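Have your viewer open and your selection tool ready. We will go stop by stop, with a note on what to pick and what to look for.

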Amino acid sequence: MREGNSFNTAASNPFNTISFPNYSRPSFADIDNDNDYDLILGKSFGELNCYENIGNAQSPEWLRNDALISNMEVKQNSAPGFADLDNDGRIDCVIGEYDGNFTYYKNLFAPTSLNNDISPEPSNFYLSQNFPNPFNPSTKIRFTIPQDVILSEAKNLLVTLKVYDILGNEVAALLEEYKPAGTYEVEFSVGQPFSLSSGVYYYQLISNEFVQTKKMILMK
């Protein structure tokens, strides 16, 4: 933490839930385009870990979500760096490697909309981690429908978003309607008609041939 013209150790450590191995190389970037920084951790033995910030800039909460960088292959002593190299409003990645080479990855995530607005030409399906998580009594879930699938299939796609308990029983149907391409946000509130107890639940998005499920925690 910087105070005046010097740096001092912060009173509280926002990273105390993350294990940093020897020779780790942390870097920060808004990987999922939700207006806060995520943490990408390069490791000496050839691995990248991604910690998604499901909190906010003032009070970050870190959830490991390597799916955000699942297509990246790295070598030893990987050192990720981030910048909008092609000036498209999305942060791209360059990874330096031990042998003096580097690999460039273009960011294809769709820009995130906070008000159910349609994002310009999203390029891939994406189901975001709900926020806040854990939650009580409500949480928000974002998802993206890509433009290229819309063009090849139909003007709109049928989108289903449902919540299940840990035994696989459906407890809530949040959405089942046709949607055009874009990024959307759905709110899930516990109470009438969804009276649920504390615990682990799963939400699942189905559209076209895309199916993805994520975990969330209700804490009363």
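Which residues does Gln129 touch, not counting residues up to four places away in sequence? Select Gln129 and you will find Glu52, Ile54, Leu63, Tyr203, Lys214 and Lys215, where contact means heavy atoms within 4.5 Å.

A quick note before moving on: this is a predicted model, in which local features need pLDDT of at least 70 and side-chain atom pairs count only at pLDDT 80 or more, while totals for chains, interfaces and linings use all residues. Residues are numbered from 1 along each chain as its sequence is written, and side-chain values use heavy atoms, with hydrogens and water left out.

**Stay at Gln129.** This residue sits in the loop between strand 10 (126-127) and strand 11; strands are DSSP runs of E, at least two residues, and helices are runs of H or I, at least four residues, both numbered from the N terminus. Gln129 counts as buried because its relative accessibility is 10%; buried means under 20% relative accessible area, exposed over 50%, and partly exposed in between, with a 1.4 Å probe and protein chains only. Show its side chain: there is a polar contact with the side chain of Asn130 at 2.7 Å, and the backbone oxygen of Lys215 is reached at 2.8 Å. (A polar contact is a pair of N or O atoms within 3.5 Å; within protein, one must be able to donate a hydrogen and the other to accept it, and residues adjacent in sequence count only if both atoms are side-chain atoms.)

**Next, the largest nonpolar core.** Such a core is a set of buried Ala, Val, Leu, Ile, Met, Phe, Trp, Tyr and Cys residues joined through side-chain atoms within 4.5 Å. Select Phe143, Leu161, Val163, Leu174 and Phe188, which touch the most other members among its 24 residues. Several strands supply at least two residues each, including strand 11 (138-145) and strand 16 (210-218), and strand 12 gives the largest share, four residues.

A second, separate core has 14 residues, among them Ala29, Cys50, Leu68 and Ile69.

**Then Asp32.** Look in the loop between strand 3 (25-29) and strand 4 (38-43). Is Asp32 buried or exposed? Asp32 is buried, with a relative accessible area of 4%. Draw a distance to Leu68: the C-alpha atoms are separated by 7.4 Å, although the residues are 36 apart along the chain.

**Finally, zoom out.** The chain has one helix and 16 strands, and 41% of its 220 residues count as buried.
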